[in-house]
Amino acid sequence: MSSKIELQAIHLCKSYRKKEALKDVNFILEKGVYGLLGENGAGKSTLMRILTTVDSPTSGKVTYNGGNIVDMNEDYRDLIGYMPQEYNVYPAFTATDFLNYMGTLKGLSADELRKKIPEVLEFVNLTDVAKKKVRTFSGGMKRRIGIAQAILNDPKILILDEPTAGLDPEERIRFSNILSQMAKEKIILLSTHIVSDIEAIANRLIVIRKGEIVKTGCIDELVEDVEGKVWEVATRQDMLHKVNSEKAVIHIKQAGKEVHIRFVGEAYPDMDYTPVTPTLEDYYMFIMKKGENENE
Ligand SMILES: Nc1ncnc2c1ncn2[C@@H]1O[C@H](COP(=O)(O)OP(=O)(O)O)[C@@H](O)[C@H]1O
Ligand SMILES: [Mg+2]
C-alpha cells in the first residue's frame, strides 16, 4: 500500500526588510500535481525556497506528515527534488557528468548513480544525448535535465520553479506527460505565470497574489465558479473602454466597425451575447480583476 504524504504550510510569513513577500500563507498538499499561479513578484519563488529549506520563513512553519521540516534536516532533504528558477546547468559537462555531479552532492553512492542515471535519462528522453555537452542543449533539453537531476533521489516531493519557461509547444506536451507519470506517488508543485501551462499539467491550483494565497482547489471545481458568467459579445468600438474598465476582459478581436470581446462578469442588458464555456484563464482573470477592485 502506498503511504500518505502531507506537506503543510502554517502561517508562513517572509519579509525582506520592509517588503512582505509572503503574508500568512496556509495550505495542505497531498499527492498530486499542483500549479502555483501568480504574476511576477507574487512570491512563488520565495515560497518554494522555504518549502525546500533553501530559505527560512520570518515566522510560521512547514510540516511534513506533522513534523517541522527544519527539525527533520537531512531526512527531509532526502525527500525533496528541486529545480530552482535560476537554473544553470554546467555547460562544459556532459549530461551524464552533470547528473553524476548533482547526485554526488545529494549523497548518492557511485553504485546508486550507475544504476539511477540511465533510468532518469530514459525517463526524460535524453538517453541519446547522454554523452553530449550540456552547452549544445536546447532550452527544453536543459529543463528536462533539470528535472532529471531533481528526481535522481526518488523524491516524494518535487518542486519545480517555472519549469515550462522557454519550452516550445511540443516540449510542453512531453513535459506534461513526464509529470503526470510521476504524480501518483508524489507531491508535485510547479510554479508559472502562464495559465495555459497550469491547465495542461496540473489538476489542482494555488493562486498567489502579492504574497497572499487567494484561492486553492481542484481546477475543475474552481472553474465552475464562473459558469454562466463568461460571454462573447460583438459590440461598438466605443464600448470597449467601458467593458475593459468594468469586467475581466479575456480577449479582444477587431472586426471592422465592431469589436468582439470575451469577458467574465454579469452581462450588460443590451448587447448581442453568446454564452461560452469557461476556461481556467477566464476564472483566473476574473479573480484577479476582483482582487484589483477590492484593493482600490
Ligand atoms: N532576496 C530578496 N531580497 C529582497 N527582496 C526580494 C528577495 N527575493 C524576493 N524579493 C521580493 O519578494 C517579492 C516576491 O518575489 P518572488 O518570490 O521572486 O516572486 P515570484 O517568484 O512570484 O516572481 C518580490 O517583490 C521580490 O522583489
Ligand atoms: Mg519566481
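The model is predicted: local features need pLDDT of at least 70, side-chain atom pairs count only at pLDDT 80 or more, and totals for chains, interfaces and linings use all residues. Residues are numbered from 1 along each chain as its sequence is written, while chains are lettered from A and ligands numbered from 1 in the order in which they are written. Helices (H or I, at least four residues) and strands (E, at least two) are DSSP runs, numbered from the N terminus.

**Ligand 1**
- The residues around ligand 1 (C-beta atom, placed from the backbone, within 6 Å of it) include Tyr16, Lys19, Asn40, Lys44, Ser45 and Thr46.
- Strand 2 (19-29) and helix 1 (44-51) each supply at least two residues of this shell, and helix 1 gives the largest share, three residues.

- Four strands form an open antiparallel sheet in the order 12-13-11-14, where strands pair if DSSP finds at least two bridges between them.
- Its edge strands, strand 12 (248-255) and strand 14 (272-275), each pair on one side only.
- Strand 12 and strand 13 (residues 258-264) pair in the antiparallel sense over seven bridges.
- Val249 has Phe263 in strand 13 as its bridge partner.

**Met141**
- Met141 lies in helix 6 (residues 139-150).
- Met141 is partly exposed because 19 other C-beta atoms lie within 10 Å; a residue is buried at 20 or more, exposed at 12 or fewer, and partly exposed in between, with C-beta atoms placed from the backbone.
- Met141 and Leu22 are 119 residues apart along the chain, and their C-alpha atoms are separated by 32 Å.
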